[in-house]
Amino acid sequence: DLLRRGIKIEFVSGRKRALFDRRKKTILISKDRSDNQKLQAIAHEYSHVVLNPTANPIPGKTGRADFVRQGFEQEADALIHELIVSEDLKAHGAQLDQQTLSLLSDYQRDGRQALFKYILASKNSATNEDYLEHFNDWYDEVLSPSATKP
């Protein structure tokens, strides 16, 4: 599906991360991740790219709080997609890392709230910012001060 949409996947050196480069229409994934983590990253980024892409805020229309809330919701959606793949890998005997197993267990027990708690305690792998800072910075980068809303 990604290839049909013109989205490439590239494995890169550097810190362990995964991200979608909009300009290059490429999902970049660290070569240092295990094969299972690469599959999980593809599932996560697929959600961001295809299922529920984050649109830039609209000047004079999108408020900061709404944009940040939307970003958290979409990050939770991407984690759910990643966890679906993780659960399938586990069911087929794949070894998952402890962080994934813990998040999967928390999600199965506490649902979406567990994901929000995880997101609030995590850093964005592309920018290394906490997610609240990440979405606020994104909002500020896209909108001039005169076009922002609270």
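1. Let's start with a pair of residues: K8 stands opposite T26 in strand 3. Strand 3 covers residues 26-30, and strand 1 covers residues 8-12. Strands here are DSSP runs of E with at least two residues, and helices are runs of H or I with at least four, numbered from the N terminus. Five bridges join strand 1 to strand 3, and these two strands run parallel. Two strands count as paired if DSSP finds at least two bridges between them.

2. Before going further, please keep in mind that this is a predicted model, in which local features need pLDDT of at least 70, side-chain atom pairs count only at pLDDT 80 or more, and totals for chains, interfaces and linings use all residues. Residues are numbered from 1 along each chain as its sequence is written, and side-chain values use heavy atoms, with hydrogens and water left out.

3. On its other pairing, strand 3 is joined to strand 2 by four bridges, and here the two run antiparallel. F20 stands opposite I27 in strand 3, while the bridge partner of D21 is T26.

4. Put together, three strands form an open sheet with mixed pairing, in the order 1-3-2. Strand 1 (8-12) and strand 2 (18-21) are the edge strands, each pairing on one side only. On average, neighbouring strands of this sheet are turned by 25 degrees against each other, direction ignored.

5. How well covered is strand 3? It is mostly covered, with five of its five residues buried (buried means under 20% relative accessible area, exposed over 50%, and partly exposed in between, using a 1.4 Å probe and protein chains only). T26, L28 and S30 point one way from the strand, I27 and I29 point the other way, and all of them are buried.

6. The sheet also has a helix against it: helix 1 (residues 35-51) packs there and touches strand 1, strand 2 and strand 3. Touching, or contact, means heavy atoms within 4.5 Å. The direction of helix 1 makes about 150 degrees with that of strand 3. Axes are lines fitted to C-alpha atoms, for helices over the stretch in contact, and angles run from 0 to 180 degrees between N-to-C directions.

7. Do look at the turn between strand 2 and strand 3, a hairpin with four residues between the strands. K25 is found in this loop, and its phi is near 50 degrees, a positive value in a residue other than glycine. K25 is partly exposed, with a relative accessible area of 38%.

8. Next, a pair of helices: helix 2 (residues 64-91) and helix 3 (residues 98-110) pack at an angle of about 110 degrees, with their axes 10 Å apart. That makes helix 2 roughly perpendicular to helix 3 (65 to 115 degrees counts as roughly perpendicular, under 35 as roughly parallel, over 145 as roughly antiparallel and the rest as oblique). Helix 2 contributes L79, I80, L83, S86, E87 and K90 to the contact, and helix 3 contributes T100, L101, L103, L104, Y107 and Q108. These residues divide into seven nonpolar, three polar and two charged (Ala, Val, Leu, Ile, Met, Phe, Trp, Tyr, Cys and Pro count as nonpolar, Asp, Glu, Lys and Arg as charged, and the others, Gly among them, as polar).

9. D77 is also found in helix 2, and it is partly exposed, with a relative accessible area of 26%. Leaving aside neighbours within four places in sequence, D77 is in contact with S47, N52 and R112. The C-alpha atoms of D77 and R112 are separated by 8.9 Å, although the two residues lie 35 residues apart along the chain.

10. Which residues of helix 4 (residues 112-120) are buried? They are A114, L115, F116 and I119. What covers them includes helix 2, helix 3 and helix 5.

11. The loop between helix 4 and helix 5 is the place of N128. N128 has a positive phi of about 60 degrees although it is not a glycine. With a relative accessible area of 46%, N128 is partly exposed.

12. Apart from neighbours within four places in sequence, H134 is in contact with N124, T127 and E129. With N124, the side chains make a polar contact at 3.4 Å (a pair of N or O atoms within 3.5 Å; within protein, one must be able to donate a hydrogen and the other to accept it, and residues adjacent in sequence count only if both atoms are side-chain atoms).
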